[in-house]
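Open the model in your viewer and keep the selection panel handy.

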Amino acid sequence: MSTTIWAIDPSHSEVQFKVKHLVITTVTGNFKEFSGTVEAGDDFEDAKISFEAKVDSINTNSEQRDGHLKSADFFEAETYPTLSFTSTKFVKTDDEEFELVGDLTIKDVTKSVKLSVEYGGTATDPWGNVKAGFELTAKINRKDFGLTWNAPTEAGGVLVSEEVKLIANIQLVKQA
């Protein structure tokens with residue numbers, strides 16, 4: 001089986017996270033700078049996936065909050081400028097669904113995580129580029145990765161939930 005190298009097309013992709021704030025609303029953030037490659041056959045089964053995001057590119061529509069997330073309370077961007085993911089398993093579960101397992105590294109902690117992947121299909125754009133689309137979703141506990149900062153609220157709750165939802169809409173472009 002021949003393999004093809006695909007690269008993330010950042011202008012047609014987004015990498016987001018969602019966290020409950022005060023347990024009543026959800027704050028959405030994203031990474032503006034990221035890259036990745038996929039090495040796969042035609043059906044993407046057993047693909048080898050690598051991904052990296054620049055922590056300094058974090059964006060939650062609040063400069064103050066972004067600064068806090070980059071600080072030692074959370075990501076420690078100066079010491080750990082990137083977060084990364086490397087696949088260990090990519091298995092087709094039906095025509096448009098895959099299960100992705102891999103090692104996610106945030107700061108100096110690497111843990112195995114499982115993501116659900118929906119394959120959107122493959123198409124050729126007007127310039128002859130072959131593209132493939134995927135939506136990835138997962139839930140992680142931020143404390144597992146050393147992101148432990150929190151603040152109590154008057155009602156006895158916490159400011160930021162431990163559970164983080166990850167959502168990535170990725171468009172790949174086939175490399176020549």
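Which residues form a negative surface patch? Select Glu14, Asp94, Asp95, Glu96, Glu118 and Glu135, and you have the patch on screen. Please keep in mind along the way that this is a predicted model.

**Stop 1: Glu118**

Stay with one member of that patch, Glu118. Colour strand 9, residues 109-124, and you will find Glu118 within that strand. Is Glu118 buried, partly exposed or exposed? Its relative accessibility is 40%, so Glu118 counts as partly exposed, since that class lies between the 20% and 50% cut-offs.

**Stop 2**

Next, select strand 7 (82-94) together with strand 8 (97-106). The two strands run antiparallel to each other and pair over 9 bridges. To see how the strands line up, show the side chains of Lys92 and Phe98: Lys92 stands opposite Phe98, which belongs to strand 8.

**Stop 3: strand 8 and its other partner**

How many of the residues of strand 8 are buried? The count is 7 of 10, so this strand is mostly covered. Now bring strand 9 back: strand 8 pairs with strand 9 as well, again in the antiparallel sense, over 10 bridges. For a landmark in this pairing, pick Thr105 and look across to Thr110 in strand 9, its bridge partner.

**Stop 4: Lys107**

Follow the chain into the loop between strand 8 and strand 9, where Lys107 lies. This is a hairpin with 2 residues between the strands.

**Stop 5: Glu76**

For the last stop, go to the loop between helix 1 (63-70) and strand 7, and select Glu76. Here is another residue that is not a glycine but has a positive phi, in this case about 50°.

Notes. Residues numbered from 1 in each chain as written. Predicted model: local features only at pLDDT ≥ 70, side-chain atom pairs only at ≥ 80, totals over all residues. Heavy atoms only, no water. Patch = residues over 30% accessible without salt bridge, like charges linked within 9 Å, V, L, I, M, F, W, Y side chains within 5 Å. Areas by Shrake-Rupley, 256 points an atom, 1.4 Å probe, with all protein chains shown as cover. Salt bridge = Lys/Arg side-chain N within 4 Å of Asp/Glu carboxyl O. Lys, Arg positive; Asp, Glu negative; His and termini not counted. Charge placed at Lys NZ, Arg CZ, Asp CG, Glu CD. Helix = DSSP H or I, 4+ residues; strand = E, 2+ residues; numbered from the N terminus. Buried < 20%, exposed > 50% of the residue type's maximum accessible area, 1.4 Å probe, protein only. Pairing = 2+ DSSP bridges.
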